[in-house]
Amino acid sequence: MSNSAQIGVTGLAVMGRNLARNFARNGYTVALHNRTAARTHALVEDFGHEGDFVATETAKEFVEALERPRRLMIMVKAGEPTDAVIQEFAPLLEPGDMIIDGGNAHFEDTRRRERDLRGQGIHFVGTGVSGGEEGALNGPSIMPGGSKESYASLGPMLEKISAKAPDGSPCVTHCGPDGAGHFVKMVHNGIEYADMQLIGEAYQLLRDVAGYSPAQIADIFRTWNTGRLDSYLIEITAEVLSHVDAATGKPFVDVVQDRAEQKGTGRWTVQIALDLGVPVSGIAEAVFARSLSGHADLRAASRELVGPRAKPPGESEAAAFADRVEQALYASKIVSYTQGFHEISAGSDQYDWDIDLGAVSAIWRGGCIIRAAFLDRIRAAYDARPDLPSLLSDETFAQEIAAAQDDWREVLVAATRQGVPAPGFSAALAYYDALRADRLPAALTQGQRDFFGAHTYRRVDREGSFHTLWGGDRSEVEA
Ligand code: NBP
């Protein structure tokens, strides 16, 4: 059947296969292609009954199977494979056709690809897709970039296959031109790292300070999941913590090596934040915590280092401590999102993307890993005030943090006393305290810079740049 497929998917590993099935289940005819044709045939054999698929083997067959203007989605390993696939297909396409990259591309690669293909009249749509294999099949959160024209053609299809938020709205929005979608997806993943780290710290504090067992902590997380922390990550945390290893009868969490891996999007979030000058300390601590966990030799060499002589609180104190940990977790989470949204806003300014922060928070309410009830409130905050300088400037969040802060500080005191690392909680609190400070030691830093490098400084009481003659009579000169 020539020219009959409304969309084509090339790259039929776990994500591409499930996205293709999702399109087909929603009534679209889907052309299929994969470098290794066996995957294409396996899909049709296993799931052909779910909808209309057109299996193809060559690039030419694949392109010919698509209706015009063509929508060709790439779901291959990010990086060089994506470039290889673009080079294979682009010469076969015509002006007005569209290539959609749903892989986890770096947004700078997306900007380059978009620029290159624009000259050929081809729309390149870099699209973040979140929700893993389950989301790809049943409804992911989708973050497309690219031209407005491409969204007009593709958007309705994405809206159909996307997750739906609790109010029924599709979890997809046109993020902005060229790399905006992949940038938003990158920060989404950075926030995901921070969320997971904060949850990990809460778990360790409940275990090592309060003395709860993994099963008891699972119950605590289940209770938290009925409140303001209601989210997918809290929900699955309870599942993981209550799971018992069949081979040993031990809690599953105790038989897994404590080395967390990473694929790179969290690291990119931090690298780009450094370039943009945006403090994302909570996300950075989450990335570093995973790195530290992987330094097995360093950890083994340090295991004998002396810690505090700590004793766990009694049982009556444990319940009160758990309540405090909930406050610390919630407050730290608000800070992580504040930092993540700051990065999106800075990226949007830098690249002229005009990203709608309220719309971004709305599409993370369903399908994706960080989906949470709390995102509704972030959306409300940005809807009420699109120019909100920071989430912490929102009255409701500010009040919640004010109410949480005593407990937050107490939790960190307990963590420090007992020698339990809580870098995410502590970075979040330091960020909060730094933002609300009247004066920062940056004045001293600038004084030091002027001393050793004549870097000059600005005064609080007069306009202009100044330098003190440190090596001479220490008089001040205007620079
Ligand atoms: P993988 O990232 O494991 O990639 C496997 C696919 O890439 C296969 O179809 C493979 O073809 C194809 N491929 C490779 Br590898 N090199 C190729 C080349 N040079 N030319 C053509 N095809 C090539 O698949 P995935 O886990 O399904 O992820 C797909 C994309 O979605 C990735 O960019 C990933 O980062 C992103 N993503 C993944 C998730 C997730 O939860 N897994 C979530 C969100 C986004 P072959 O069959 O011939 O080897």
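Modeller: Two ground rules. Residues are numbered from 1 along each chain as its sequence is written. The model is predicted, so local features need pLDDT of at least 70 and side-chain atom pairs count only at pLDDT 80 or more, while totals for chains, interfaces and linings use all residues; side-chain values use heavy atoms, with hydrogens and water left out.

Colleague: Okay, why is Asp97 called buried?

Modeller: Buried means under 20% relative accessible area, exposed over 50%, and partly exposed in between, with a 1.4 Å probe and protein chains only. Asp97 comes out at 0%, so it counts as buried. You'll find Asp97 in the loop between helix 4 and strand 5; helices (H or I, at least four residues) and strands (E, at least two) are DSSP runs, numbered from the N terminus.

Colleague: How do you know that the side chains of Asp97 and Arg68 make a polar contact?

Modeller: A polar contact is a pair of N or O atoms within 3.5 Å; within protein, one must be able to donate a hydrogen and the other to accept it, and residues adjacent in sequence count only if both atoms are side-chain atoms. The Asp97 and Arg68 side chains are at 3.1 Å, so the pair falls within the 3.5 Å limit.

Colleague: How many residues surround the ligand?

Modeller: There are 19, and the closest are Met15, Asn34, Thr36, Arg39 and Val76; near means that a heavy atom of the residue lies within 4 Å. Helix 1 (14-25) and helix 4 (80-89) each give at least two residues to that shell.

Colleague: What makes strands 6 and 7 a pair?

Modeller: Two strands pair if DSSP finds at least two bridges between them. Strand 6 (residues 123-130) and strand 7 have 4 bridges, in the antiparallel sense, so they qualify. In one of these, Thr127 is bridged to Pro144 in strand 7. Strand 5 (residues 98-101) also pairs with strand 6 over 4 bridges, but in the parallel sense; there, Met98 has His123 as its partner.

Colleague: Why are strand 3 and strand 7 edge strands?

Modeller: The open sheet has 7 strands in the order 3-2-1-4-5-6-7, with mixed pairing. Strand 3 (53-55) and strand 7 each have a single partner strand, so one side of each has no neighbour in the sheet.

Colleague: Are the faces of strand 7 buried or exposed?

Modeller: Buried: Ser141 and Met143 cover one side, Ile142 and Pro144 the other.

Colleague: And which strands form the antiparallel sheet?

Modeller: Strands 8-9-10, in that order, in an open sheet. Strand 9 (residues 465-468) and strand 10 share 3 antiparallel bridges, and Thr468 has Glu476 as its bridge partner.
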